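Biologist: Please take a close look at the aromatic residues in this structure, and then go on to the helices and sheets.

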Amino acid sequence: MLKHDVVVVGAGLAGQRAALAAVEAGCDVAVVSKLHPLRSHSGAAQGGINAAVGKEDSVDTHIYDTVKGSDYLGDQDSIELFCREAGPTVVEMEHFGTIFSRAPDGTLARRPFGGAGFPRTIYAADRTGLALLQALWEHLGTVHFQLYEEWALTQLVVRDGRVHGIVALDRRRGEFVQIGAKAVVLATGPFGRVYGRTTNAHSCTGDGVAAAYTAGAALKDMEFVQFHPTALMETAILITEGARGEGGILKNGQGERFMSRYAPHVLELASRDVVSRAIVTEVLEGRGFPGGYVHLELMHLGKEKIESRLQEICDFARSFAGIDPVTEPIPVYPAQHYMMGGIGTDAQGATNIRGLYSAGEAACVSIHGANRLGGNSLLETLVFGKFAGAAAAAYASSAAPPEIREAELDGVTAPWRAWSSRTDGEDPSTLRAEMQATMGRYAGIYRNEADLLEGLRRIRALKERYRNVRVVDQSKVYNVNLTDAFETGYMLDLAEVILVGAYARTESRGAHSRTDYPKRDDAKWMKHTIAVRGAEGPQLSYAPVAYTRWEPKERVY
Amino acid sequence: MTEATVKATFDIYRFDPGHDRAPRYQRYTLDLPPHTPVLTALLKIRAEVDPSLALRYSCRSAICGSCAMQVNSKSRLACETQIGPELARDGRIVIEPMRNQAVLRDLVVEQEPFWRNYDRIRPHLILDPRHPMPEGRENPMTTEEVEQFKETPRCIACAACFSACPAVEADPAFPGPMALAKLYRFVVDPRDQGHQDRLMRIQPDGLWLCLRCHLCTEACPKDVRPSERIRDLKEMAVAVQGGTEHGSKHAVGFKDNIRDRGVLNEMKLVRQTSGLVGVLEQLPQGLHIVRKKREILRAPHRIEGMDEVEKIYEALDRPEEKP
């Protein structure tokens with residue numbers, strides 16, 4: 001019987017930072033990850049990490065920018081805490097060995113980013129996530145913990161409102177295993193693969209968020225889905241906001257620098273929801289390029305700057321789109337990129353289930369509110385990863401031992417094993433493809449009541465068909481067909497929550513744009529959506545937003 | 001946008017240790033646009049033809065390092081290898097698991113030895129309490145110091161280099177290109193206090209087993225150039241320790257040996273590298289070579305054009321003009 005004080009699920013930046021904090025608090029810690037930790041999606045983050053460390057910048061400005069970026073849905077007390085932690089967090093990562101880009105005076109280089117009053121995004125060329133992930137993983141190698149590599153979470157064990165551990169699939173052996181834990185930290189990242197056109201990795205399937213939802217955890221603000229303005233036209237591969245931060249410009253099919261119509265002061269460096277809507281509007285109104293996209297131009301920055309500061313995206317454009325950004329514009333169009341919503345937590349990562357914590361993109365504190373600013377997500381993983389790990393360790397130090405009933409494992413896994421013994425039924429990839437098409441069509445950047453209802457009808461029909469999902473692959477070893485089945489089920493649950501929340505929210509705020517309710521409605525909707533699983537699907541309630549110093553204003557960039 | 005497609009034939013290595021006695025190749029034929037990435041094609045096969053094909057994949061944008069495999073015998077990332085050029089060159093696409101790593105199933109390999117080698121080089125900053133980190137602020141680092149890392153921070157640990165490396169295949173004691181490129185990254189880090197110790201330890205620990213074939217550099221999808229960094233490590237190791245290790249003595253001996261006559265004196269090189277005891281140890285092998293190649297016993301004549309050789313050495317001894 002495997003047992004640990006703290007089990008961290010997910011080994012990206014948030015999970016690793018949580019594990020480090022729990023180890024430092026003296027706990028016996030295990031990390032469960034369906035990928036090798038260095039393969040985590042944190043490594044795909046390009047542009048940078050925000051910290052107001054420049055002389056002309058201030059923490060207060062970072063707080064204000066984040067509050068405004070959130071369209072006043074972010075909790076201001078948590079945002080204040082978050083921004084104050086930024087400087088020490090970045091310094092700590094430098095001390096752990098991160099190789100950051102440097103200014104001529106040897107300090108950390110900073111670049112401008114969307115929605116930010118000052119250049120405060122610290123970076124490592126355009127592979128900041130990779131640089132942080134390497135340094136944190138290598139630092140974590142100096143402390144003791146247990147790694148369960150390529151184990152996928154299949155269930156949380158929750159009894160009497162308290163977590164007792166997890167059930168996971170050991171992907172190499174094909175066995176389901178129970179791990180007892182006094183506390184569990186879910187840091188499983190996002191669920192962007194609910195959409196087909198996404199910058200997210202194939203593995204971003206919301207395993208932890210869905211398992212928490214199934215176990216009774218409250219999800220928060222799930223309807224707020226960020227679409228990144230600049231993804232490669234054909235493949236949706238991310239082109240960092242840093243490209244615009246370095247001076248890249250957007251042009252429509254008529255050669256116009258159209259952002260002047262949408263954000264007259266900061267143009268391309270408006271926040272992501274604004275730029276994405278602008279691109280979609282240009283295309284819908286017939287000013288895009290044939291095929292429906294716009295151009296991101298970098299040529300004027302010169303070969304040297306492009307190849308040194310934007311090295312990875314240069315490679316991406318060359319190898320995935322056959323475009324050389326030094327000499328040609330890059331065809332781009334928005335793609336799903338980030339989930340503002342997730343498992344509802346407080347600023348210490350605690351959920352409504354005792355012993356269950358969450359951090360990173362899986363969680364919703366909320367600091368991003370209705371729209372996240374670029375450069376704040378890497379910071380979020382590290383700040384709240386550390387807090388959640390420390391809080392889980394503190395809880396574990398006084399919690400009773402977990403109660404794992406080994407005899408129950410057979411019953412728990414029976415429905416999953418049944419997938420493999422069916423002789424008819426549908427392959428999970430069929431259902432996944434239809435879900436992705438549905439979400440892109442009915443719950444995209446612009447939404448309305450009729451679309452959302454139709455989307456919901458279709459997702460519920462898919463959930464019905466999922467009851468008859470079939471796993472053809474009979475092998476025990478590395479059965480991708482089986483993990484596909486789990487992931488598809490998770491995402492169908494989460495897609496439903498997104499739709500129900502979006503349908504109910506009859507206003508436009510941040511990334512949630514209702515064409516039938518185009519205005520922000522503070523009187524009615526300045527509140528968080530809380531979704532709990534009920535017998536008939538998600539049950540919604542609402543929670544107040546925390547205010548400190550910033551009164552809601554109209555957002556102009 | 002409708003696009004011309006090509007008929008793409010894939011021969012994919014299949015092996016499930018639970019069911020198959022031996023590996024087999026399964027053929028799949030699909031119509032696809034020529035710029036389709038191999039990974040996209042494999043996922044299409046999984047979704048539409050055969051869900052039992054096992055492989056690792058995640059980001060599909062050459063940054064997570066999951067999908068390294070052999071595409072027409074080259075170790076590549078499937079996500080950034082397009083089918084068009086492969087079909088044009090070889091007429092079909094043979095997909096096999098990476099080399100030098102045991103197959104778990106189909107295209108999924110056991111990576112434990114790869115990660116173990118990475119851990120072995122102590123991939124973290126080694127600190128010295130006499131040089132504490134600056135309190136509350138970052139270590140300053142000049143642009144020149146950042147440039148010393150070369151392209152090593154780009155490494156995504158995909159193991160394509162490990163798969164391509166004949167030294168890894170020949171000798172499990174060789175840490176492999178990725179681990180050595182990572183070692184270089186720490187040796188040149190101005191924050192690291194373990195430079196000398198790292199360079200001393202790596203010599204008996206496999207540094208000199210590199211064959212200098214540069215297949216790792218050819219395989220690397222991120223242009224990390226491991227073989228060039230291994231060359232740098234060797235130079236730094238000799239500078240720190242002098243030619244006292246077998247491998248370094250061989251390299252230094254080689255250089256002095258050629259300087260003498262412009263051509264290798266192999267008898268002398270064995271002495272320089274291994275000493276008299278070493279010569280005796282290698283006697284049986286030596287006699288075997290002498291039987292096949294009698295002229296090895298004679299010291300070679302100085303070659304014509306020694307002045308050119310001398311010029312090369314002069315250039316080598318001026319470090320700032322090193323090619």
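Modeller: Trp151(A) is buried, with a relative accessible area of 9%; buried means under 20% relative accessible area, exposed over 50% and partly exposed in between, with a 1.4 Å probe and protein chains only. Tyr148(A) is buried as well, at 8%.

This is a predicted model, in which local features need pLDDT of at least 70 and side-chain atom pairs count only at pLDDT 80 or more, while totals for chains, interfaces and linings use all residues. Residues are numbered from 1 along each chain as its sequence is written, chains are lettered from A and ligands numbered from 1 in the order in which they are written, and side-chain values use heavy atoms, leaving out hydrogens and water.

Rings of Phe, Tyr and Trp (its six-membered ring) pair if their centres lie within 6.5 Å; planes under 30 degrees apart count as stacked, over 60 as edge-to-face and the rest as tilted. By this rule there are 20 aromatic pairs over all chains. One of them joins Tyr148(A) to Trp151(A), a tilted pair with 4.5 Å centre to centre and 35° between the planes. Phe316(A) and Phe320(A) are also tilted, because their planes stand at 55°, with the ring centres 6.1 Å apart. Both of these Phe residues are buried, and both lie in helix 9 (residues 311–321) of chain A, four residues apart, about one turn of the helix. Helices (H or I, at least four residues) and strands (E, at least two) are DSSP runs, numbered from the N terminus.

One aromatic cluster consists of Phe176(A), Trp416(A), Trp419(A), Tyr466(A), Phe486(A) and Tyr490(A). Tyr466(A) also belongs to helix 13 of chain A, among the residues that meet helix 12 of chain A; contact means heavy atoms within 4.5 Å. On the helix 12 side, the residues involved include Leu431(A), Met435(A) and Tyr442(A). Helix 12 (residues 428–442) and helix 13 (residues 449–466) of chain A pack at about 170°, with their axes 9 Å apart. Axes are lines fitted to C-alpha atoms, for helices over the stretch in contact, and angles run from 0 to 180 degrees between N-to-C directions. Helix 12 of chain A is therefore roughly antiparallel to helix 13 of chain A (under 35 degrees counts as roughly parallel, over 145 as roughly antiparallel, 65 to 115 as roughly perpendicular and the rest as oblique).

Two rings lie under a charge, which requires NZ of Lys or CZ of Arg within 6 Å of the ring centre and within 35 degrees of the ring normal. The charged end of Lys527(A) sits over the ring of Trp525(A), 5.0 Å from its centre. In chain B, the charged end of Arg229(B) sits over the ring of Tyr184(B), 5.4 Å from its centre.

Turning to the sheets, two strands pair if DSSP finds at least two bridges between them. Chain A has an open sheet of four strands in the order 11-14-13-12, with antiparallel pairing. Strand 11 (225–232) and strand 12 (249–251) of chain A are at the edges, each with a single partner strand, so one side of each has no neighbour in the sheet. The twist averages 45° from one strand to the next. Strand 11 of chain A is joined by six bridges to strand 14 (residues 330–339) of chain A, where Val332(A) stands opposite Leu232(A).
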